Amino acid sequence: MNITNLISKVQSVVNSESPSMAQDFSWLHRGVAEIFPEPHHDSETESLEQRLANANRPLRVKLGIDPTGADIHLGHSIPVRKLRAFQDAGHTAVLIIGDFTARIGDPTGKSDVRRQLTEADVTQNAQTYLDQVRPILDFDTPGRLEVRYNSEWLSRLDLGKILELLSTMTVGQMLAKEGFSERYKKENPIFLHEFLYPLMQGYDSVAVDADVELGGTDQKFNIAVGRDLQRHFGLKPQFGLLLPILIGTDGVQKMSKSLGNYVALGEHPSQKYQKLQCVPDNLLSQYFELLTDLPLDSLPENPRDCQKYLAKEIVKQYHGEEVANEAEKAATTCGEEGTLPEFQLADKKVQFPAKLSYLLGVTGLCKSTAEGKRKIQEGGVRLDGDKVTDVDTTFAEPGDLYGKVLQVGKKNFVRLVE
């Protein structure tokens with residue numbers, strides 16, 4: 001046997017006996033809270049690393065996003081970034097836009113029933129989602145991305161199939177879900193349609209034949225339901241890969257638009273930089289690990305330098321190096337406003353209540369109120385990163401707008417000030 005054949009035979013033995021030794025899976029484990037099930041648990045005999053190494057085809061890696069709002073923040077980007085890591089490793093990303101499940105809304109962690117969205121609400125929200133994740137995912141390499149809408153299969157379920165899904169779980173199992181048990185103890189209403197949500201999310205895994213499902217740590221129950229349903233329908237159960245919930249820029253609570261501690265993907269680059277350069281020191285390592293691909297052992301030692309490095313890196317990811325350099329130059333000390341063009345509402349004697357279309361004209365972002373209306377209808381207007389599509393949007397008093405950034409298109413911004 002010549003030396004080439006000997007090396008090949010040894011490598012083959014190493015690959016078959018210990019795939020994790022033959023491949024570098026550091027990309028897989030970076031920033032991951034949990035991968036389940038573990039080998040030899042729940043009748044599993046292989047790890048996710050072994051399935052990745054031994055697969056004779058690209059694995060199908062599922063991530064579902066419910067368009068319950070119009071915009072995505074950096075916390076939402078974490079599983080999307082992990083989905084890209086799977087793409088880069090040669091696997092197929094299956095991005096599910098939950099246009100059907102969004103009508104119910106995930107009840108996980110909610111103390112009350114969520115408002116049911118209309119089909120029009122969901123359609124309007126979904127339009128912005130793909131644009132926002134485009135800088136993260138590989139949309140161009142053939143076979144690396146499937147974008148699916150779960151109304152494709154969920155809207156066609158008849159009562160017989162729904163009864164079959166319901167028969168796979170008991171009320172006791174459902175009440176073990178995060179949030180449901182607390183609501184039950186407090187005698188807060190739990191409506192029957194909410195029980196359907198984890199079953200519908202789980203059925204998504206059946207419909208797309210997922211090998212892996214990604215989600216936040218609050219999604220373990222729903223992902224486990226997907227495993228159970230795949231087993232029920234004769235499919236090989238998926239692995240669950242859970243990612244941490246990002247703490248917001250306040251350093252205390254999870255990132256949330258309602259708490260004001262968020263950084264939206266659609267925000268102006270200067271706003272992104274300004275917020276991120278003020279991230280508390282204790283969060284820097286988590287932000288670098290979850291939001292960048294930078295080596296964690298080569299970061300600046302000085303916390304202030306680390307903050308600036310983080311801000312510039314993330315702005316560069318979404319807007320390019322030139323824009324990141326401009327945002328760095330425009331940045332001010334933490335706690336101060338940035339250097340965006342300002343429009344003083346009081347000085348211009350704007351009469352309130354005032355329609356947004358009128359404000360677009362008077363600020364100079366549009367040539368007239370009529371053009372402002374048209375830009376709103378076309379979906380080209382944002383206020384503090386939130387897309388506005390209602391031409392009748394009206395503000396009762398100037399205080400509702402102070403400090404907010406009004407945007408038309410990708411390049412025209414103005415900060416509204418007193």
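**Exercise 1. Determine which residues the 'HIGH' region annotation covers, and describe that span.**

Step 1. An unreviewed UniProt entry gives the short sequence motif 'HIGH' region at residues 67-76; such annotations may be inferred rather than shown by experiment, and their positions follow the numbering used here. Residues are numbered from 1 along each chain as its sequence is written.

Step 2. The model is predicted: local features need pLDDT of at least 70, side-chain atom pairs count only at pLDDT 80 or more, totals for chains, interfaces and linings use all residues, and side-chain values use heavy atoms, without hydrogens and water.

Step 3. The end C-alpha atoms of residues 67-76 are 12 Å apart, and the span is 30% helix and 0% strand (DSSP runs numbered from the N terminus: helices H or I, at least four residues; strands E, at least two).

**Exercise 2. Identify the contacts of L74 and its place in the largest nonpolar core.**

Step 1. Leaving aside residues up to four places away in sequence, L74 touches L246, M255, V263, L265, L276, L291, I314 and Y318 (contact: heavy atoms within 4.5 Å).

Step 2. The largest nonpolar core has 55 residues, of which L74, L95, L241 and Y287 touch the most other members. Helix α15 (residues 303-319) supplies the largest share of this core, six residues.

**Exercise 3. State the strand order of the five-stranded open sheet and find its edges.**

Step 1. The order is β7-β13-β12-β9-β10, with mixed pairing (two strands pair if DSSP finds at least two bridges between them).

Step 2. β7 (342-344) and β10 (386-387) each have a single partner strand, so one side of each lacks a neighbour in the sheet.

Key. Core = buried A, V, L, I, M, F, W, Y, C linked by side-chain atoms within 4.5 Å. Buried < 20%, exposed > 50% of the residue type's maximum accessible area, 1.4 Å probe, protein only.
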